[in-house]
Amino acid sequence: MGAPFEFSYVIDYFVKLLPTISTTLLIVVSAMVLGLIISSIAALPQMYNIPVLKQLSKLYVSFFRGTPILIQLFLFYYGVPEILGLFGINANRAPAIYFVIMTYSLNSGAFMVEMIRASVASVDRGQVEAAYAMGMSGPQAFFRIVLPQAYVTALPIFANMVIGSLKDTSLAFSVGVMEMTGKSSTLATISRHFIEAYISLALIYFVLSFVLERVFGVLERKVQKRGFAPI
């Protein structure tokens, strides 16, 4: 059992957890940026029906969407060094955060593939054909007609993914990364004030999620106000 509840610990732990926010945000931002790059590449074979690559893309998406991210963390943290060891590369001393970012990037990318594919598919095909009739090339039609409208459709989905990724980072502690949850667990174990530690942690997650939700809300309104209409 833990120690009796003392509110002063909530404030004390809240302050002590603040420095670990940078680690959590590093994981989120890295995962989102790399995830966008990965998903943009993985989505192309599905959108353009490229043989073999389309099946590989679907397999990638199915694996990362169909398995728990905690299992994925363990597979990459323990599996990647083993695979690299076969080629004479010693990755056993590599910082755990590298494997965490790798896992979250691939996981986020798998979900973003569907976001990109659905957003592009939502654009009326007639507009693209009209662009071709006006003399636009394929890339011109994509960047001037399809992309602006797909961006508007994808933004709310992307916002939910960012907030979801923020909360998922709490699992990074399972492979030794000292982010907010890891620090909170350490403080609680040392002092036995478990409730206070997790209340502080919950407050920080809530504040970060609230801020992100507001930021994306403002961004969505600006995008809709400007219209991002086809040029």
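Nine helices and zero strands make up the secondary structure of this chain, where helices (H or I, at least four residues) and strands (E, at least two) are DSSP runs numbered from the N terminus. Read from that end, the order of elements is α-α-α-α-α-α-α-α-α. What you have here is a predicted model, in which local features need pLDDT of at least 70, side-chain atom pairs count only at pLDDT 80 or more, and totals for chains, interfaces and linings use all residues. Residues are numbered from 1 along each chain as its sequence is written, and side-chain values use heavy atoms, with hydrogens and water left out.

**The chain as a whole**

Here are some overall values to keep at hand.

| Property of the chain | Value |
|---|---|
| Box filled by the C-alpha atoms, along the principal axes | roughly 75 × 50 × 25 Å |
| Buried residues | 39% of the 231 residues |
| Accessible surface | about 13100 Å² |
| Distance between mean positions of the 16 positive and 11 negative charges | 8 Å |

Buried means under 20% relative accessible area (1.4 Å probe, protein chains only). The accessible surface comes from the Shrake-Rupley method with a 1.4 Å probe, and 69% of it belongs to carbon and sulfur atoms. For the charges, Lys and Arg count as positive and Asp and Glu as negative, leaving out His and the chain ends; each is placed at NZ of Lys, CZ of Arg, CG of Asp or CD of Glu.

Taking contact as heavy atoms within 4.5 Å, residues 24 or more positions apart account for 79% of the contacts with a separation of 6 or more.

**The nonpolar cores**

A nonpolar core is a set of buried Ala, Val, Leu, Ile, Met, Phe, Trp, Tyr and Cys residues joined through side-chain atoms within 4.5 Å. The largest one has 49 residues, and Y60, V100 and V177 touch the most other members. Among the helices that each supply at least two residues are helix 1 (7-17), helix 5 (96-121) and helix 9 (194-226). Helix 5 gives the most, with twelve residues.

Not counting residues up to four places away in sequence, Y60 touches I38, A42, L106, G109, A110 and V113. A second, separate core has eight residues, including V128, M136, V146 and A150.

**A serine in helix 8**

S185 is found in helix 8. This serine counts as buried because its relative accessibility is 13%. Beyond its neighbours within four places in sequence, S185 is in contact with F173 and Y198.

**The annotated span**

An unreviewed UniProt entry lists residues 21-216 as "domain: ABC transmembrane type-1"; such annotations may be inferred rather than shown by experiment. That span, residues 21-216, is 81% helix and 0% strand, and its end C-alpha atoms lie 19 Å apart.

Methods
Buried means under 20% relative accessible area, exposed over 50%, partly exposed in between (1.4 Å probe, protein chains only).
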